[in-house]
Amino acid sequence: MNIAILNPGHTNRKFPFEEFNSSDNIWNIEHISPKTPKTNRYILSALEEMKKSEEKEWDSMPSSVKKQFDEIIGILSSINPEDNEALEFPENPTEQEIKQKAIFDKFMEDYLPLSDTEVMTLGNLTLLTERPNKGIGNNFFLNKRRMLAEYQSKGCFIPPLTLNVFTKWYTQDYDQPLFWRKKNRLEYLKALDKLVASLYDLIKKLP
């Protein structure tokens, strides 16, 4: 796919095979949305940090998304610290907690892959060399994007498809930079399907 998006008809750029085949590059599969489950505390910290230190990004988000994130911040802030170490709410929740749990569960379903199957789908995978892949770890999308930009500035080869992924190039309506959500995964898959179809059409026309 990285080679195909630079083929004639897509762009005039040439694929850097010398970088791709370099003995210095060991290739890894990158899970765009993190593979390791995140605690409530981690999610709360990521949302609060973005709101505080990414004012431009926060202000550019649709009001509906900002309202949703504020609601999740409020819910997670209200949970006792001992309950904040796991994704589950208390076993015997109050009526208010039941409502909060429904809102939180919907947020989780929309924004994070909740099973190994979802994590391992093609819409959540891209290609990276070993050093940046290990370096960006299991952070959320926004932090990974920042770190990859730093690796690239230091001369690391980041494949073109991966660069597109981390700018959300394939997302129709850009809504927020923090998560690689279900919508992003589906639109990325559609773009890959379209690319495969165009290659198939090209092959059929060959003599």
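**The core and its surroundings**

Modeller: From the N terminus on, the elements run α-β-α-α-α-α-α-β-α-α-α-α, which makes ten helices and two strands; helices (H or I, at least four residues) and strands (E, at least two) are DSSP runs, numbered from the N terminus. This is a predicted model, in which local features need pLDDT of at least 70 and side-chain atom pairs count only at pLDDT 80 or more, while totals for chains, interfaces and linings use all residues. Residues are numbered from 1 along each chain as its sequence is written, and side-chain values use heavy atoms, with hydrogens and water left out.

The C-alpha trace spans about 70 × 35 × 35 Å along its principal axes. Of the 207 residues, 41% count as buried, that is, under 20% relative accessible area with a 1.4 Å probe and protein chains only. Contact means heavy atoms within 4.5 Å; among contacts between residues at least 6 apart in sequence, 72% join residues at least 24 apart.

The largest nonpolar core has 24 residues. Such a core is a set of buried Ala, Val, Leu, Ile, Met, Phe, Trp, Tyr and Cys residues joined through side-chain atoms within 4.5 Å. The residues with the most contacts inside this core are I43, L47, F69, F104, F107, L178 and F179. Two or more residues each come from α2 (40–53), α4 (63–78) and α5 (95–111), and α4 gives the most, with six residues.

Leaving aside residues up to four places away in sequence, F179 touches L47, F69, F107, Y111, L112, F140, F141, K168 and N184.

One of the partners of F179 is K168, found in the loop between α9 (160–165) and α10 (182–204). K168 is not a glycine, yet has a positive phi of about 55 degrees. K168 counts as buried because its relative accessible area is 3%.

Key: Buried < 20%, exposed > 50% of the residue type's maximum accessible area, 1.4 Å probe, protein only.
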